[in-house]
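Please consider the sequence and the three-dimensional structure shown here. The paragraphs after them proceed from the sheet to the helices and then to single residues.

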Amino acid sequence: MNNDKIKVVLIVEDDKVISDALNEEFLEAGFEVIQAFDGVQGLDLTKTHKPNLILLDIMMPRKNGFEMLKELKESPITKNIPVIVLTALGQNDDIKKIIDLGAEGYIVKSGKSLTQVLEEVKIFL
């Protein structure tokens, strides 16, 4: 990481097993972690905690990742927070939509280990 200040990562993932595994990986690496389990909760926590980075799933209840990403990037308060999409979607149309909506990057879940996800996130911090 770029400096000694603890970085705050918001993980927005509806699968509790995946969210908890990511939480543990990031905590062990020295991050502060906030967890949300849908897009509505993710938006609320973004506004109250101002994370340094958001790791965002797409397929979620109440508000999906596409909707959350769109709202984040339209708000002057949250538009500069880097968003990395962590998704099972790997089709070119989905990837294009993710980038067009303003995500800094995307990671296809099935292709990466937790350690690889952590290493990719560090690049953006």
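**From the sheet to the helices**

Buried here means under 20% relative accessible area, exposed means over 50%, and partly exposed lies in between, with a 1.4 Å probe and protein chains only. In a regular strand, the side chains alternate between the two faces of the sheet. This is a predicted model, in which local features need pLDDT of at least 70 and side-chain atom pairs count only at pLDDT 80 or more, while totals for chains, interfaces and linings use all residues. Residues are numbered from 1 along each chain as its sequence is written, and side-chain values use heavy atoms, with hydrogens and water left out.

Helices (H or I, at least four residues) and strands (E, at least two) are DSSP runs, numbered from the N terminus. Five strands form an open sheet in the order 2-1-3-4-5, with parallel pairing; two strands pair if DSSP finds at least two bridges between them. Strand 2 (32–36) and strand 5 (105–108) stand at the edges with a single partner strand each, so one side of each has no neighbour in the sheet. From one strand to the next, the twist averages 20°.

Two of the pairings may be followed in detail. Strand 1 (residues 8–12) runs parallel to strand 3 (residues 53–56) and is joined to it by four bridges. Within this pairing, leucine 10 has isoleucine 54 of strand 3 as its bridge partner. Strand 4 (residues 83–87) likewise pairs with strand 5 in the parallel sense, over four bridges, and isoleucine 84 stands opposite glycine 105 of strand 5.

Helix 2 (residues 39–49) lies across strand 1, strand 2 and strand 3, and runs at about 145° to strand 2. Axes are lines fitted to C-alpha atoms, for helices over the stretch in contact, and angles run from 0 to 180 degrees between N-to-C directions. Contact means heavy atoms within 4.5 Å.

Two packed helices are described by the angle between their axes and the distance between the axes. Helix 2 packs with helix 3 (residues 65–74) at an angle of about 25°, the axes being 9 Å apart. Helix 2 is therefore roughly parallel to helix 3; angles under 35 degrees count as roughly parallel, over 145 as roughly antiparallel, 65 to 115 as roughly perpendicular and the rest as oblique. On the side of helix 2, the contact is made by Gly39, Gly42, Leu43 and Thr46, and on the side of helix 3 by Met68, Glu71 and Leu72.

Helix 1 (residues 16–28) and helix 5 (residues 114–124) form another packed pair, at an angle of about 60° and with axes 10 Å apart. These two helices are therefore oblique to each other. Their contact involves Ala21, Leu22, Glu25 and Phe26 of helix 1, together with Leu114, Thr115, Val117, Leu118 and Val121 of helix 5.

Two single residues complete the account. Serine 19 has its place in helix 1 and counts as buried, because its relative accessibility is 0%. Apart from neighbours within four places in sequence, serine 19 is in contact with Ile11, Glu13, Gln35 and Phe37. Leucine 125 is found in the segment after helix 5 and, at 9% relative accessibility, counts as buried. Leucine 125 lies 43 residues from proline 82 in sequence, and their C-alpha atoms are 8.5 Å apart in space.
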